[in-house]
Amino acid sequence: MTELASIDGTRCLVTGSAGFVGSNLVRALLDRGCTVHGFDIAPATMTDPNLRWFQGDVRNFGDVRDAAEGVDVVFHTAAMIETLTYAPDSFVEFVKSVNVDGTQNVLRAAIETGATRLVHTSSIITAPVDQPPGLGEPSKYSQAPDLYSTSKVESEKLVLAANGKGGLWTAAIRPGGIYGPGERNTLIGPLVTSLKQGVPLVVFGKQNTRMDYTYIDNLVDAQIRAAERLVPGSPVCGQAYFVTDGDPINTGRFSRTLVDDMGIEATTLRVPGSVARALATASERVFQLFGKPKPPVSLVDVQLCLKDTFFSIERARQDLEYEPLVDTREGLRRTAEEARQYYDSL
């Protein structure tokens, strides 16, 4: 059993604290008696006597350093989830400045202010696209050219390379598709909005491919478990871990189950993979050339639906003593309950 250093009552920094992952993590830390420094470009989304909000830009080192002053544990969740392969140069540079330069600023600030532990939220997308499904953490990284893969690979490398420098111990968590009540930007929100507009439930490819998803409570639990095991000599230091529901599911079935649980009548439109790839590529090329409109579905989004993209969480079970708190079926039920309320409010 790995030695533990409880985070209860410690002072923590959460970057991206206004986002879905960050805000849920902030609430979990407050519940554990932590004093939390919330850092986001957005204004405060919650109030608590033990929460101090720092509004700033992760690309600005001074902003990050101010927020890191006096903290022991850093949770870096701030990132842009942009999966386009083709985009204008200015857009590419902007995403990389947030995901890569921002991560460099967080690492530098953590070391300069004396933080001892840092947990980075990475992604399963850092794994090689040709890795057989169901395996554990690979020794190599993805070579995929899309913005999210390239920037998350680079940022994760920076985090793991910083392990042990200046007394800082680091680890990375690689979730699958993150979902849960209140998620608005990537999976659930866009789906609910399109349903409200009367758009059919669009699914790509066949019904037998599977992908990893990560319910928000499972992700937050793993982030905290990683932080508590970042002590000298721990096998967690300098490592990355797949953290999912451990229950891969077809992307179309995931969406269909959510819609059914919401009690919504919606027809399903299944688009062949070759057609979906062609349409996504064309829309990205138009965006790259003219700067608008931004494609609602990327080539990567399509490709994730067309092949098995799931991994073993055995190493997280071993080193983090992680076990999913919520399975995907229950996670979808809980998500659908809140999503229906959101649907009715639109």
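The following questions and answers set values computed from a predicted model against the definitions of the terms used. Local features need pLDDT of at least 70 and side-chain atom pairs count only at pLDDT 80 or more, while totals for chains, interfaces and linings use all residues. Residues are numbered from 1 along each chain as its sequence is written, and side-chain values use heavy atoms, with hydrogens and water left out.

Q: Why are helices H2 and H3 called oblique to each other?
A: The axes of H2 (residues 61-68) and H3 (residues 89-113) cross at roughly 45 degrees and come within 9 Å. Helices are DSSP runs of H or I with at least four residues, strands are runs of E with at least two, and both are numbered from the N terminus. Axes are lines fitted to C-alpha atoms, for helices over the stretch in contact, with angles from 0 to 180 degrees between N-to-C directions. Angles under 35 degrees count as roughly parallel, over 145 as roughly antiparallel, 65 to 115 as roughly perpendicular and the rest as oblique. H2 and H3 are therefore oblique.

Q: Which residues of H2 and H3 meet?
A: From H2, Phe61, Val64, Arg65 and Ala68 meet Asn105, Val106, Arg108, Ala109, Glu112 and Thr113 of H3, where contact means heavy atoms within 4.5 Å. These residues comprise five nonpolar, two polar and three charged. In this division Ala, Val, Leu, Ile, Met, Phe, Trp, Tyr, Cys and Pro are nonpolar, Asp, Glu, Lys and Arg are charged, and the others, Gly among them, are polar.

Q: What makes the pair Arg65 and Glu112 a salt bridge?
A: A salt bridge is a side-chain nitrogen of Lys or Arg within 4 Å of a carboxyl oxygen of Asp or Glu. For Arg65 and Glu112 the N to O distance is 3.0 Å, so the pair meets the definition. The two residues, in H2 and H3, are 47 residues apart. The structure holds 21 salt bridges.

Q: Why is Arg65 called partly exposed?
A: Buried means under 20% relative accessible area, exposed over 50%, and partly exposed in between, with a 1.4 Å probe and protein chains only. Arg65 has 26% relative accessibility and therefore counts as partly exposed. Glu112, at 40%, is also partly exposed.

Q: What does the salt bridge between Arg315 and Glu137 tie together?
A: The closest N and O atoms of Arg315 and Glu137 are 3.6 Å apart. Arg315 lies in helix H10 (residues 314-319) and Glu137 in the loop between strand E5 (117-121) and helix H4 (147-161), so the pair ties together parts 178 residues apart in sequence.

Q: Are Glu137 and Arg315 buried or partly exposed?
A: Glu137 has a relative accessible area of 19% and is therefore buried. Arg315, at 28%, counts as partly exposed.

Q: Where do Arg333 and Glu337 lie?
A: Both are in helix H11 (residues 328-345), four residues apart, about one turn of the helix.

Q: What is the value of omega between Lys292 and Pro293?
A: Omega is about -10 degrees, and the peptide bond is cis. Pro293 is in the loop between helix H8 (273-290) and helix H9 (299-306). Most peptide bonds are trans.
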